[in-house]
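Hi there,

Here is the structure I promised to pass on. Please open it alongside this note, and the findings follow below.

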Amino acid sequence: MFKLNLKIAWRNLWKNKGYTLINILGLSIGMASCILIFIFIRYQMSFDKDFKDSDRIYRVVSSWDYSDGNQFFSQGVPLPLTPAMRNDFSPYIEKIAAIEQSTGVIQINDAAGKERLKTQEDAFYIEPDFFGIFDYKWLSGDYAALKDPGNIVLSKEMADKFFGSWKNALGKSVNYDMASYIVIGVIDDVAENNSVPLKIMLSYKSFKSKNLDRWGSVGSSSESYIKLKPNVNIEALNTPLQAFLKKYYTEKAPGKEGHLFQPLNDIHYNSKFGNFSGRIMPKKQIYGLAVIGFFLIITASINFINLATAQAVSRSKEVGIRKVMGSQRGQLVAQFLTETLTIVLVSLLLGSVLTEIALPGMQNLFGSKISFSIFEHPIILAFLLFLAVFVSLLAGFYPAIVISGFNPVLAIKNKVSANTGGLGLRKVLVVFQFAITVTLIIGTLVILQQMKYVREQPLGFNPTAIAMVDLPNDSLTMQRFDTFKSQLKQVPGVEEVSLCRTPPSSQNNNGSSFSYNSSKDADFQVNTKNADEDYLKTFDLKLVAGRNIVKSDTINEYLVNETLLKKLNVNNPQEAIGKILSMGGMKAPIVGVIQDFKNRSLHESIDPILVGSSRARYFNAAIKLNSAQMLTTMKNVQKIWQRTFPESVYSELFLNEQIKNYYQGEQVMGTLFKVFAGVIIFISFIGLFGLISFVATQRTKEVAIRKVLGASTIELVKMLNGSFIVMVFIANLVAWPLAYLFVSKWLNGFAYRIDLSIWPFMLAMLISMTITLITVSFRSYRAAAANTIDALKYE
């Protein structure tokens, strides 16, 4: 029976090739989009899931609550926290381990001691128990040897890179930051979907600051992980945690310190804290993509429903004859569902091909190795089967019920009404379909407008043509800083040079407690930056009071920004000049006030900022270049750097690119909205074209008679177009409040944002109405301009 239904289905589909093509085109593009979204979501939801007992693994994170209502979070913890928790939480936790992120120069020598390879790599100082918490696959060696200083573990990738093959690595020597280590183990490459990208692992006992006993100092490079004992609930740690905080946080501080236990499965999705991989994907964005995917497939299915029910009249005789010959309604439903399934399967195959074609573009967009392999990820095959069944039932069930329900007597006499099959429902579906389309158009326009605003927003400094070049920072290399800087200033194309810790805008920020003018500690922290006397000139920062800091290795002076003074209730910047600011046991006068500048992304407000000079904290050379000579100039800069610091590895990053990376998530969302809005517009309007084509065909004789009676072509086009224009107009009215709620919530994530105006809504209406008018007018004009004799000659 199925074989017969399939044969009949194929004949009917081939007979109506135009409508079949429209259905397959809409469904295949919709399915390809859904598949792409699904495999991306599957990849994102797979982060940190492959570890044994992952539900018992937590990361300890830090928080601060301030009297002004502000709250700050960090993925890092104080260095003495891990040994203290190991002792105080022993009844609750099975293991705890500290991990410290570092960056340094790796040097590999040959048997004769000659340098064979030198590269800069990220590395981690790790306590052995870290591998008792996370069950990584070991290819050789054992993690227990990490308890001794001078030992190192490599990933397979690094071992192959350093020694040709990981099998040759065990027992070999590796030089990291001027210290020698022995390879005691090799682990299999850590999957990309991991929040801790381990490649080079050093014994934690080799970490120089491991015994630092400062509870008030927290860096994002210092993390701690725990594994609960079996049957211990994380809530059981709340009471001992409060006792722990009282025991160790005895110093008075402006913010109330606290710690939280963050589940392992939350690390990839929580943007409050961050992680070592630098990959964060908030779940609201994942859910947003899932909703878009659902709307895409709904839109494609609506096309099918509208066309199938509109075509119902042309198949009325077929249904009538089948019923007279004894076919039951269930058999007719099965036949029409078979037709739908045939179209869906063909569309699914074509959609899979489109997915493969589009996959490299999506990988580049997200910077991830997203896989479409059903053998590697069987859940993708399960999704494809679900998609085929879901779309077949969604798109095919209602038309099958409508068509199979025709009265056989009326059907044979060809007296089934053209409105049979739910004219009202078709209108509702068209309105719903275009409401989705208009909502996406509005969202895309607002996202693009906000990103344009971000690009054009004054930062308070000039980031153009500034290269941030890494500086090695130890007692020996610091002695060469002045020589390096003076040589750079002689290079043609170099306009200014400043040695500093970070540029004005940076994600690497350091907060400190302080007191102003010998008063009590301020009730907020200050963002501290370290830079030399050329910092202001290099970044074009403006002084509003006082003077710049002077060049000196012995004199300490501070520059502060306007926000710092506002938070101290100092209204006149001139009043702050000469006042003493105390921080970290050091006192120095404020000599200048800088005009406020954006020191973070525009998601966040401006911090209170202090700039002081400290050579020991210079990690970058900020080099302002002549834009016309950048390529040649940077080659000369690299040569000078390599001559000055031959033991290190050169690295550079342009500040504009660094700032652009702040908005990578928004850029990705903007691209996705543009692509999927375009897809939905295309699907909606090919469906509209198919629908107006069918309506025009059904009303061929009516159009011919009206034309004979004197109706003009323009009047006939207006008659055919009228209902469609009204439906799209209503869709706009439905979409506007939905779009307003969506874009308002999205814009609330920015401290600096556009004012939401009426024009994106009006432009979305104009776009949808214009394309509708063009689409339906093209087809209705052909019907109105057709030869009337051809339409009436059989009457």
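This is a predicted model: local features need pLDDT of at least 70, side-chain atom pairs count only at pLDDT 80 or more; totals for chains, interfaces and linings use all residues.

Strands (E, at least two residues) and helices (H or I, at least four) are DSSP runs, numbered from the N terminus. Two strands pair if DSSP finds at least two bridges between them. E12 (residues 466–470) has four of its five residues buried, so the rest of the structure largely encloses it; buried means under 20% relative accessible area with a 1.4 Å probe, protein chains only. Five bridges link E12 to E22 (residues 620–625) in the antiparallel sense. E12 also runs antiparallel to E23 (residues 652–654), with three bridges, and there Val469 has Glu652 as its bridge partner.

In the model, residues 428–448 are 100% helix, with end C-alpha atoms 30 Å apart. Residues 758–778 are 95% helix and 0% strand, and their end C-alpha atoms are 30 Å apart.

**Nonpolar cores**

A nonpolar core is a set of buried Ala, Val, Leu, Ile, Met, Phe, Trp, Tyr and Cys residues joined through side-chain atoms within 4.5 Å. The largest has 105 residues, and Ile39 and Phe539 have the most contacts inside it. Helix H12 (residues 423–456) gives the most to this core, with 14 residues. Domain 1 (2–43 + 283–454 + 664–793) and domain 3 (473–647) both contribute residues, so this core lies between them; the bounds come from an automatic or database domain assignment. A second, separate core of 24 residues includes Tyr125, Ala159, Phe162 and Val174.

**Helix H5**

In H5 (residues 156–163), the buried residues are Met158, Ala159, Phe162 and Phe163. Seen down the helix axis, they fall within an arc of 100 degrees (from the directions of the axis to the C-beta atoms), so they line one face of H5. They pack against several strands, among them E3 (93–109) and E4 (115–126), where contact means heavy atoms within 4.5 Å. Gly164 follows H5 and has a positive phi, near 85 degrees.

Best wishes

Technical notes: Residues are numbered from 1 along each chain as its sequence is written. Side-chain values use heavy atoms; hydrogens and water are left out. Buried means under 20% relative accessible area, exposed over 50%, partly exposed in between (1.4 Å probe, protein chains only).
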